[in-house]
Amino acid sequence: MTAVSRLDEAEVAACAEGLADLLTDTVHGGASIGFLAPLTRAAALDWWQGRATEVSTGALAVWAARECGRVVGTVSLAFPHKPNSRHRAELVKLMVHRDARGRGLGRTLLATAERAAAAAGITLLHLDTETDSPAERLYRAAGWTRLGAIPDYAASPAGVLRPTTIYYKRVGTAAHAG
């Protein structure tokens, strides 16, 4: 059984090794999530350890999905600090381990983040994802609106420039206001 829970600063630090394994699996599987291959486990671990501070300040919320104690998925929300932006958040680093895919875990993590955002008073979520990636199907099926694509936005793990597609979704009271 898979359990999804929000991680506090100490839990991010405690789960950093499992999160690092998930990150390296995701990058080595070809997902464009901000890293180039080969991504070393040490670099992935260092990156996750740095997220603990962001969690402690409230700039980032992180959820982990675990099966038998092993991290098999994660999703985060990044909150801006500008006064005119406090109604929105960016959905970042939605990852599911390759051997845990195809069971709806991505949808579960996405819905968890959406519900938590709405409960926190967030009314608008946005994200970017590699154009034509499998993630696009997930976001469209979950009711996200495609805004458009930016050519040559980011390098794939192999270093090839790829376009990214921007999506947004109204949540909470904004979703019901139309």
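This is a predicted model: local features need pLDDT of at least 70, side-chain atom pairs count only at pLDDT 80 or more; totals for chains, interfaces and linings use all residues.

Reply: Residues are numbered from 1 along each chain as its sequence is written, and side-chain values use heavy atoms, with hydrogens and water left out.

Me: Which residues of helix α4 are buried?

Reply: An α-helix has 3.6 residues a turn, so residues three or four places apart point the same way. In α4 (residues 134–141), the buried residues are Glu 136, Leu 138 and Tyr 139. Because these cover an arc of only 160° around the axis, they lie on the same side of α4; the arc is that of the directions from the helix axis to the C-beta atoms. Helices (H or I, at least four residues) and strands (E, at least two) are DSSP runs, numbered from the N terminus. Buried means under 20% relative accessible area, exposed over 50%, and partly exposed in between (1.4 Å probe, protein chains only).

Me: Which residues are exposed on the other side of α4, and what covers the buried ones?

Reply: Pro 134, Arg 137 and Ala 141 are exposed there. The cover of the buried residues includes β4 (88–96), α3 (105–119), β5 (124–130), β6 (145–155) and β7 (161–170). Arg 140, also in α4, is partly exposed at 45% relative accessibility.

Me: Where is Val 72 placed, and is Val 72 buried or exposed?

Reply: Val 72 belongs to strand β3 (residues 70–78) and is buried, with a relative accessible area of 0%.

How values were computed
Contact means heavy atoms within 4.5 Å.
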